[in-house]
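This briefing covers a two-part question: how the parts of the chain meet, and which local contacts stand out. Please read it alongside the sequence and the model.

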Amino acid sequence: MRVLVVEDEEPIADAIERGLSKLGYAVDVSYDGADAIDKAAVNSYDVICLDLNLPRVDGIEVCRRLRDDRFGGGIIMLTARSSIRERIEGLDIGADDYLVKPFAFSELAARIRAVTRREGGLREPILTTRGLELDPNTNRTKRDSKEIHLTPKEFALLYYLARNEGRAVPQEELLEHIWDEHANPFTQTVKVHMNNLRRKLNEGFGDQLIETIRGKGYVL
Ligand code: CA
């Protein structure tokens, strides 16, 4: 179980980190919102504990961007007693739960367990094909047992192609399923992500898993 603690008050962040580590969680810490978004893009977290009042990018915006980027783990907001409006906004845009500061560490631990149980109830099957092992619950990706670190978008692309193995999937279809309705169909978004995905998949392997079929799309 991997947790990201996003909290700019270092003593609080460090106390949570120590407590969760003792309980056996793998814990990363971000002291501002922009760093949290960067970390969530490259690591697969089961839960993010998110302070709302943060430097650089505030917690509500972090939550919004995580869900826009299809972050599938739990989000627990850490809020001040007075910020009822923010709590409601946070829950509306995809946070799972909140805790009002100051809180007891044992309560945070209980909320994390509850959120991950909820996630656990919806676990999707791990997909294996062509030497790949894709876990949609954690975005964990392996090729011939070697772990490959994909961003959530790269994972979503690969998972979609794997589910449609053998069929050439047009770029528009990928855009429609993996990006939201605001994505501009005339940008190079899919191409750019696809290039990064291919580079990561082939590092140390040599053969190309994803082929481009002219005029038809991408095929695994
Ligand atoms: Ca704060």
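In this predicted model, the rule finds one salt bridge across the interface of domain 1 and domain 2. That interface buries about 710 Å² between the two domains. Over the whole structure, the count of salt bridges comes to 18, and there is one aromatic pair.

**Domains and their interface**

- Domain 1 covers residues 2–117, and domain 2 covers residues 127–219.
- The centres of domain 1 and domain 2, taken over C-alpha atoms, are separated by 28 Å.
- Seven residues of domain 1 and ten residues of domain 2 take part in the contact.
- Of the area buried between domain 1 and domain 2, 40% is on carbon and sulfur atoms.
- On the side of domain 1, the residues that lose the most area to domain 2 are Ser 44, Asp 69 and Arg 70, which together account for 54% of what that side buries.
- One residue pair is in polar contact between domain 1 and domain 2, counting pairs with both residues at pLDDT 80 or more.
- The side of domain 1 that touches domain 2 is made up of two nonpolar residues, one polar residue and four charged residues.

- The structure holds one aromatic pair.
- The ring centres of Phe 155 and Tyr 159 are 5.7 Å apart and the ring planes are at 20 degrees, so the pair is stacked.
- Both Phe 155 and Tyr 159 belong to helix H6 (residues 152–163), where they are four residues apart, about one turn of the helix.
- Lys 200 is a residue of helix H8 (residues 189–202).
- The side chain of Lys 200 makes a polar contact of 2.7 Å with the side chain of Glu 154.
- Leaving aside neighbours within four places in sequence, the contacts of Lys 200 are Ile 148, His 149, Leu 150, Thr 151 and Glu 154.

**The loop around Asn 43**

- Asn 43 sits in the loop between helix H2 (33–42) and strand E3 (47–51).
- Not counting residues up to four places away in sequence, Asn 43 touches Arg 2 and Asp 28.
- With Arg 2, the side chain of Asn 43 forms a polar contact of 3.4 Å, side chain to side chain.
- Leu 4 is 39 residues from Asn 43 in sequence, while the C-alpha atoms of these two residues are 9.4 Å apart in space.

**The loop between E5 and H5**

- Glu 7 and Lys 101 form a salt bridge in which the closest N and O atoms are 2.9 Å apart.
- This pair links distant parts of the chain, 94 residues apart: Glu 7 is in the loop between strand E1 (2–6) and helix H1 (10–22), and Lys 101 is in the loop between strand E5 (97–100) and helix H5 (105–121).
- Lys 101 is also joined to Pro 102 by a cis peptide bond, with omega about -5 degrees.
- Pro 102, too, is found in the loop between E5 and H5.

**Backbone at Arg 56**

- Arg 56 has a phi near 70 degrees, a positive value in a residue other than glycine.
- Arg 56 is placed in the loop between E3 and helix H3 (59–68).

How values were computed
Residues are numbered from 1 along each chain as its sequence is written. Side-chain values use heavy atoms; hydrogens and water are left out. Domain bounds come from an automatic or database domain assignment. Contact means heavy atoms within 4.5 Å. Buried area is the accessible area (1.4 Å probe) that two parts lose on being put together, summed over both. A salt bridge is a side-chain nitrogen of Lys or Arg within 4 Å of a carboxyl oxygen of Asp or Glu. A polar contact is a pair of N or O atoms within 3.5 Å; within protein, one must be able to donate a hydrogen and the other to accept it, and residues adjacent in sequence count only if both atoms are side-chain atoms. Ala, Val, Leu, Ile, Met, Phe, Trp, Tyr, Cys and Pro count as nonpolar, Asp, Glu, Lys and Arg as charged, and the others, Gly among them, as polar. Rings of Phe, Tyr and Trp (its six-membered ring) pair if their centres lie within 6.5 Å; planes under 30 degrees apart count as stacked, over 60 as edge-to-face and the rest as tilted. Helices (H or I, at least four residues) and strands (E, at least two) are DSSP runs, numbered from the N terminus.
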